[in-house]
Amino acid sequence: MVNFGNDWDGIMQGEFDMPYYLELREFLKKEYFSREIYPDMHNIFNAMKHTAYNDAKAVIIGQDPYHEPGQAHGLCFSVQKGCQIPPSLQNIYKELQSDLGIPPAPHGELYKWADEGVLMLNSVLTVRRGSANSHKGHGWETFTDHVIEKLNAREKPLVFLLWGANARAKKALITNRAHLILEAAHPSPLSAYNGFFGCRHFSKCNAFLKDHGMTEIDWRIE
């Protein structure tokens, strides 16, 4: 049984007994036994373990984990210390510097953001080594849709940062007008110049939080 160690345990009660998840679990057991799968099975739910439901201030939705050794650890766009900073995260750091004057961090581990209240959730939470989207269509999308629906139902306002087509596809689940939706192109080098650079989502997010009486997010990574 999955244990988040925070209020997600109550929020997601019953989810792991649903037929789709039981099928997903059997698939994952076979995959982890027979192949190299990322992240480590103990890190699959790190996003929710590090950002409790009621502590979340912003939600960043990614696609699926990085698929090379030593990178993925359960937070979208984040890599473990010691890894080269991926191009998309380099562009996120560039926009952060342009928007808020925060210089790029020396590493790509984003636990600091998660602990600040940024839920960093991939749409699909596992992947085979060297094969992007290899766990697409096995049930994770249903799980993360349910997570977003739970967040949407929350009265306390949230900021959803939807970068790229994959994340923007989740917009239909966000119907609560209390929340702010910020959309932009994906920070990938292939698309960052099509609307990610200059989006100023970090300052817009903080302005919304401040306007609603919440503490702004400290976006610095040290």
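Author: In this predicted model, strand β2 (residues 58–62) pairs with strand β3 (residues 118–122) in the parallel sense. The pairing runs over 5 bridges. A58 stands opposite V118 in β3. On β2 there is also a pairing with strand β5 (residues 159–163), again parallel, over 4 bridges. There, A58 stands opposite V159.

Now the whole sheet. It is open and has 4 strands, in the order β3-β2-β5-β6, with parallel pairing. β3 and β6 (180–184) each have a single partner strand, so one side of each lacks a neighbour in the sheet. These two stand at the edges. From one strand to the next, the twist averages 20 degrees.

V118, M120 and N122 point one way. L119 and L121 point the other way. Both sets are buried.

Next, the helices. α6 lies across β2, β3 and β5, at about 155 degrees to β3. Helix α8 (residues 201–211) lies across β2, β5 and β6, at about 175 degrees to β6.

α6 (residues 140–152) also packs with helix α2 (residues 19–34). Their axes are 9 Å apart, at an angle of about 130 degrees. That angle makes α2 oblique to α6. The crossing is left-handed. From α2, the contact uses Y20, Y21, L24 and L28. From α6, it uses W140, T142, F143 and H146. These contact residues divide into 6 nonpolar, 2 polar and no charged.

Terms used:
Residues are numbered from 1 along each chain as its sequence is written. This is a predicted model: local features need pLDDT of at least 70, side-chain atom pairs count only at pLDDT 80 or more; totals for chains, interfaces and linings use all residues. Side-chain values use heavy atoms; hydrogens and water are left out. Axes are lines fitted to C-alpha atoms, for helices over the stretch in contact, and angles run from 0 to 180 degrees between N-to-C directions. Angles under 35 degrees count as roughly parallel, over 145 as roughly antiparallel, 65 to 115 as roughly perpendicular and the rest as oblique. A crossing is left-handed if the near helix is turned anticlockwise from the far one by less than a right angle, and right-handed if clockwise. Contact means heavy atoms within 4.5 Å. Ala, Val, Leu, Ile, Met, Phe, Trp, Tyr, Cys and Pro count as nonpolar, Asp, Glu, Lys and Arg as charged, and the others, Gly among them, as polar. Buried means under 20% relative accessible area, exposed over 50%, partly exposed in between (1.4 Å probe, protein chains only). Two strands pair if DSSP finds at least two bridges between them.
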